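User: I have a model to go through before I set anything up. Can you take me over the main points?

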Amino acid sequence: MTRGNGTEQPLIADLVLSGGGVKGIALAGAVAALNDAGYRPWRTSGTSAGAIVGALVAAGLAGDALTEAAMRLDYEKFADRVPLDRVPLIGPGLALFGDDGLYRGDYAREWVARELAELGVHTFGDLKLDDPQLPKDRRYKLVVTCADITLGRLIRLPWDFGPVYGLDPDKQSVADAVRASMSIPLLFRPMKLTNPISGVESTLVDGGVVSNFPIDSLDRTDGKLPRWPTFGITLMPDIPGPDGTLLPRWLNQILPAPVHVLEGVITTALVGRDQANQHKPWVQARTILVSSDSVGFTQFSLTAAQIRELHDDGYRATEHFMAGWDWPDYLRRFRRHPS
């Protein structure tokens, strides 16, 4: 790939990956297409499903290797129900009203940890960047978005491990942070994090509650021009999916009306803010929008054909986007230096 100076060099970009449940396989297809277009990710920011794919990208997976890893994920095992779920009829409801949620999320955490370990990544210290142009606390290849419902604030890990929780970010598990980012309320058991200084135990849930598509998370804040593009890849607005529900359809049939209202509130939180933000011209211009309405948000029983279709949807959407991408034009229209 030529960068205008007559030499073959990889193009650099930062990536922002949205959440989207099982639709996240489309994110892997989109990133693979960017790799095939010559782009090498420098930093990746992700929420929920985007955090899972983002962790693999930050650990060094690209192209076919990224696709193969995504295909290894057993989506049915994501639905690892909590023990109360085994009680006929009332079990799932009891799980929702407890502090566990419907699914444990153990398989997801273990799968991410295993995949990262094979790439030599365990803690955020393994994802450090040598980049003096970034603030010291942000020199990492990966950042994931969570919501701390104890403190009532958006959390970005590893950036907030030190200032918010008094923890050394280099020693914190990447897999645990990714698991926290995908703790969708009602669905997955939340994660706990204790500040060793204050003793406060925080409850972390899915980052989509505050920002499902954190497109501005990697933008410069010093007024200078960006060094390279930041591409957003989102599955919005087709969330939660064609059935219009966050919870599995079979469970919705037995739950009382107040739970459906709560489900609607959570779904709106997951998509509302980012849908409004996505229509801004400077966001649209750098966002790859993947149509993913062929499956539902929580449709864990995907066939091999559906998984491949989602992946290819992401790949094709990115090919189409890149055909019209013009970095100098983007800078001219949306990132002109104040001077």
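User: What kind of model is it, and what are the ground rules?

Analyst: This is a predicted model: local features need pLDDT of at least 70, side-chain atom pairs count only at pLDDT 80 or more, and totals for chains, interfaces and linings use all residues. Residues are numbered from 1 along each chain as its sequence is written, and side-chain values use heavy atoms, with hydrogens and water left out.

User: How many helices and strands?

Analyst: The protein has 13 helices and eight strands. Both are DSSP runs numbered from the N terminus, helices being H or I with at least four residues and strands E with at least two.

User: And what share is buried?

Analyst: Of the 339 residues, 54% count as buried, meaning under 20% relative accessible area with a 1.4 Å probe and protein chains only. Among contacts (heavy atoms within 4.5 Å) with a separation of 6 or more, 75% come from residues 24 or more positions apart.

User: Cavities next. How many turn up in a search of the whole structure?

Analyst: Two cavities of 30 Å³ or more are found. A cavity here is a set of points, on a 1 Å grid over the protein atoms alone, where a 1.4 Å probe fits but cannot get out; lining residues have an atom within 4 Å of a point. Grid points are joined across faces, edges and corners, and the volume is the space filled by probe spheres set on the points.

User: How much space is in the largest cavity, and which residues are closest to its centre?

Analyst: The largest cavity holds about 250 Å³. Its lining has 23 residues, and G21, A49, I52, Y75 and F78 are the closest to the centre.

User: What classes of residue line it?

Analyst: The lining has 19 nonpolar, four polar and no charged residues. Nonpolar covers Ala, Val, Leu, Ile, Met, Phe, Trp, Tyr, Cys and Pro; charged covers Asp, Glu, Lys and Arg; the others, Gly among them, are polar.

User: Which helix gives the most to that lining?

Analyst: α2, with four residues. α1 (25–36), α2 (49–58) and α3 (63–72) each supply at least two.

User: Staying with α3, which of its residues are buried?

Analyst: G63, L66, T67, A69 and A70. Seen down the axis of α3, they fall within an arc of 160°, so they line one face of the helix; the arc is taken from the directions from the helix axis to the C-beta atoms. The buried residues of α3 pack against α1, α2, α5 (106–118) and α12 (304–323).

User: R43 next. Is it buried or exposed?

Analyst: R43 is buried, at 7% relative accessible area, and sits in strand β2 (residues 39–47). A polar atom of the R43 side chain lies 3.2 Å from the backbone oxygen of L218. R43 and L218 are 175 residues apart in sequence but 8.0 Å apart in space, C-alpha to C-alpha.

User: What does D131 pair with?

Analyst: The side chains of D131 and R227 are joined by a polar contact of 2.8 Å. That term means a pair of N or O atoms within 3.5 Å; within protein, one must be able to donate a hydrogen and the other to accept it, and residues adjacent in sequence count only if both atoms are side-chain atoms. D131 is buried at 3% relative accessible area and lies in the loop between α5 and β3 (142–148).

User: Where is the cis peptide bond?

Analyst: It joins L157 and P158, with omega about 15°. P158 lies in the loop between β4 (153–157) and α6 (161–165).

How values were computed: On a 1 Å grid over the protein atoms alone, a cavity is a set of points where a 1.4 Å probe fits but cannot get out, and a pocket is an open set with protein on both sides within 12 Å along at least five of seven lines; lining residues have an atom within 4 Å of a point. Buried means under 20% relative accessible area, exposed over 50%, partly exposed in between (1.4 Å probe, protein chains only).
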